[in-house]
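Here is a short briefing on one protein chain. Please look over the model before reading the points below.

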Amino acid sequence: MPSKQLYRPLAQLCLHQQHVAASSKLTHVRCLSTSIFRPIQQVRRPIQPQRPLFVAGQRRPISVSARRRYADVEESFDPADVEREADEVDVCIVGGGPAGLSAAIKLKQIATEDGNEDFRVIVLEKGAEVGAHILSGNVLEPRAIDELLPNWLEDINESRFEYATPAGKDKMRFLTKSSAIPIPAPPQMHNKGNYIISLSQFTKWLGERAEEIGVEIYPGFSAAELLYSSDGSVKGIATGDQGLGRDGKPTAKFERGMEFHAKVTLLGEGCHGSLSKQVQKKFDLRRDCQPQTYGLGLKEVWEVQPDKFHKGEITHTMGHPLPRSVYGGGWMYHYGENLVSIGLVVGLDYANPWIAPYGEFQKMKLHPLYKSVIEGGKCLAYGARALNEGGFQSIPKCSFPGGALIGDSAGFLNVPKIKGTHTSMKSGMLAAEAAYSAIQNNKEASSVFLYEYEDKLRDSWIWPELKQVRNMRPSFSTPLGIYGGIMYSGLEAFVFRGKLPFTLSHHGEDYAQTKPAENFSKITYPKPDNETTFDILTSVSRTGTYHQEDEPSHLVPSKGMDHHAEIDYPEYKGIENRFCPAGVYEYVEDESKDLGVRFQINSQNCIHCKTCSIKDPKQDITWKTPEGASGPKYSMT
């Protein structure tokens with residue numbers, strides 16, 4: 001039977017996350033080339049034995065016992081030599097997003113109906129709170145949430161979600177530099193019956209519903225390592241160590257991570273997740289699918305003047321400011337009370353290294369279609385996140401020994417719909433059904449294989465929905481660019497409807513599409529006016545991102561800064577500074593270097609978008625999981 005008691009390290013980690021979460025209320029942004037951080041001095045106090053500690057949503061006390069080891073500043077030792085405490089659960093879910101929380105809720109629903117109230121489901125979320133790392137457009141198709149929690153919007157439900165705006169009029173426009181030409185929207189983009197929401201708010205609400213039925217949710221816990229049984233199956237995860245210095249050595253605040261052993265581990269980390277990448281490689285899950293292709297979504301939330309607000313109105317655009325060779329498009333959603341969600345998605349398979357997605361986004365806002373709405377308003381929030389665009393042909397095998405990939409960890413985004421929340425949630429629910437069945441049918445096994453999950457995916461509405469639109473995204477990768485893609489997608493949407501007897505291929509990995517800078521003219525973007533457009537650090541300050549000054553960098557070039565500059569800069573002239581939407585990377589003039597520049601990583605600015613590990617042409621930057629509770633603190637995105 002799974003342990004009903006959590007150990008001292010988890011209590012310590014909870015206290016650590018509470019401190020970090022409190023600290024993150026302050027906005028910390030590292031200026032390019034100049035740090036404005038000052039270390040916060042902390043007083044270390046021995047923890048005395050006390051009564052059991054409870055965490056929100058936790059139905060069992062966290063025991064408080066003697067600490068195994070203190071790290072002395074004067075002491076030098078390998079953190080890996082410190083034994084980690086371990087806890088046993090039935091299902092461990094990595095990631096408190098829509099997929100992970102849907103899986104957790106479904107598992108507890110099934111277990112409760114089966115009379116198995118002691119069935120333990122835990123969710124580990126690296127954000128400071130549930131929803132803090134969630135960003136999306138978002139127009140929600142309610143198909144999955146209607147299945148999971150049918151009364152989610154009903155007035156008689158005291159716990160209903162209160163921030164959904166029914167979708168109203170749809171508009172589709174092709175932009176030139178100064179005009180907006182109406183074009184037909186494909187059926188997939190019709191939004192009658194859908195709702196405009198903040199996915200961050202929705203996810204937070206979903207977490208509250210999960211806690212109500214006994215799911216144990218631990219925000220601020222970074223799952224840093226996969227654990228394996230002797231037979232090679234995944235047996236759980238380990239959280240990252242806390243209190244390491246920038247040099248990777250223990251400080252006086254050092255706390256060893258904790259292990260969670262589970263019969264099933266579900267990875268719902270979102271797009272390009274660290275553990276998901278590892279498990280795909282170890283079990284060769286991508287052997288029968290095409291490479292994933294990605295986009296970078298940049299978003300702002302504005303409060304606009306009441307006379308410019310049209311509640312429920314949905315606008316999508318293509319064309320300007322992106323060149324015809326670059327896939328992407330913009331959106332503008334009116335929701336709530338005088339709020340407008342505005343954003344741009346840029347396909348990360350672009351060839352020109354001078355393109356800066358952030359610069360393109362700021363330029364887009366100067367177009368009359370957008371500027372006429374947001375001018376005179378106030379920008380309240382900013383964020384950015386990579387998203388999967390590969391679709392049907394890029395879905396890997398989703399089950400592996402001891403667990404499964406769910407949501408964007410697998411890549412269930414419907415690109416023509418510009419929607420993935422409903423498919424992510426449904427995948428989590430299907431994985432939950434398969435996991436509970438497998439565990440109950442193999443009660444003596446330490447880990448199980450979710451054979452049913454793959455079958456359930458193919459038998460669900462996810463599969464035909466994605467298969468029908470499989471050829472639309474790759475149709476934009478022809479020499480005709482955006483115009484060829486628009487023409488083919490129109491035929492696919494209105495005539496072929498996914499019934500053609502072939503599947504178009506993607507072009508390969510996005511980073512490999514990048515060409516040398518010398519092949520293109522340098523792009524100069526308009527200077528920010530600080531009213532409609534903003535410099536990148538001003539935008540980053542609106543994310544609430546926070547990383548402790550002295551923690552190890554989670555952005556790691558393979559052989560150091562100088563080596564990275566030597567292999568990247570001569571050919572791509574600082575592409576890292578341009579593809580990053582948070583000012584994390586820069587090349588600083590330095591006469592002491594052979595290149596005349598020095599590569600610098602301002603990891604404190606990182607908003608966890610994952611673009612660097614996708615787009616770096618040399619694939620030299622590894623994005624590692626940072627300390628729990630760090631990163632952005634989204635609340636409106």
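At what angle do α8 and helix α9 (residues 451-459) pack, and how far apart are their axes? They pack at an angle of about 145 degrees, with axes 8 Å apart. Axes are lines fitted to C-alpha atoms, for helices over the stretch in contact, and angles run from 0 to 180 degrees between N-to-C directions. This is a predicted model, where local features need pLDDT of at least 70, side-chain atom pairs count only at pLDDT 80 or more, and totals for chains, interfaces and linings use all residues. Residues are numbered from 1 along each chain as its sequence is written, and side-chain values use heavy atoms, with hydrogens and water left out.

**Chain and confidence**
- The protein chain has 15 helices and 24 strands. Helices (H or I, at least four residues) and strands (E, at least two) are DSSP runs, numbered from the N terminus.
- Buried residues (under 20% relative accessible area, 1.4 Å probe, protein chains only) make up 60% of the 637 residues.
- Of the contacts (heavy atoms within 4.5 Å) with a separation of 6 or more, 78% join residues 24 or more positions apart.
- The average pLDDT (the predictor's confidence in each residue, from 0 to 100) is 89, and 88% of the residues score at least 70.
- Residues 1-9 have pLDDT below 50, with 35 contacts beyond near neighbours in sequence.
- Residues 19-71 also fall below 50, with 121 such contacts.

**α8 with α9**
- The crossing is right-handed, meaning the near helix is turned clockwise from the far one by less than a right angle.
- From α8, Ser427, Leu430, Ala431, Glu433, Ala434 and Ser437 take part; they meet Glu452, Tyr453, Lys456 and Leu457 in α9.
- This contact has 5 nonpolar, 2 polar and 3 charged residues. Ala, Val, Leu, Ile, Met, Phe, Trp, Tyr, Cys and Pro count as nonpolar, Asp, Glu, Lys and Arg as charged, and the others, Gly among them, as polar.

**α2 with α8**
- Helix α2 (residues 98-113) and helix α8 (residues 421-441) have axes that come within 7 Å and cross at roughly 35 degrees.
- This crossing is right-handed.
- Residues of α2 in the contact include Pro98, Ala103 and Leu107; those of α8 include Met425, Gly428 and Tyr436.
- By class, there are 11 nonpolar, 4 polar and 2 charged residues.

**An open sheet**
- Three strands run in the order β3-β7-β4, with antiparallel pairing. Strands pair if DSSP finds at least two bridges between them.
- β3 (139-140) and β4 (165-166) are the edge strands, each pairing on one side only.
- β4 and β7 (residues 195-196) pair over 2 bridges.
- Thr165 has Ile196 in β7 as its bridge partner.

Note on methods. Buried means under 20% relative accessible area, exposed over 50%, partly exposed in between (1.4 Å probe, protein chains only).
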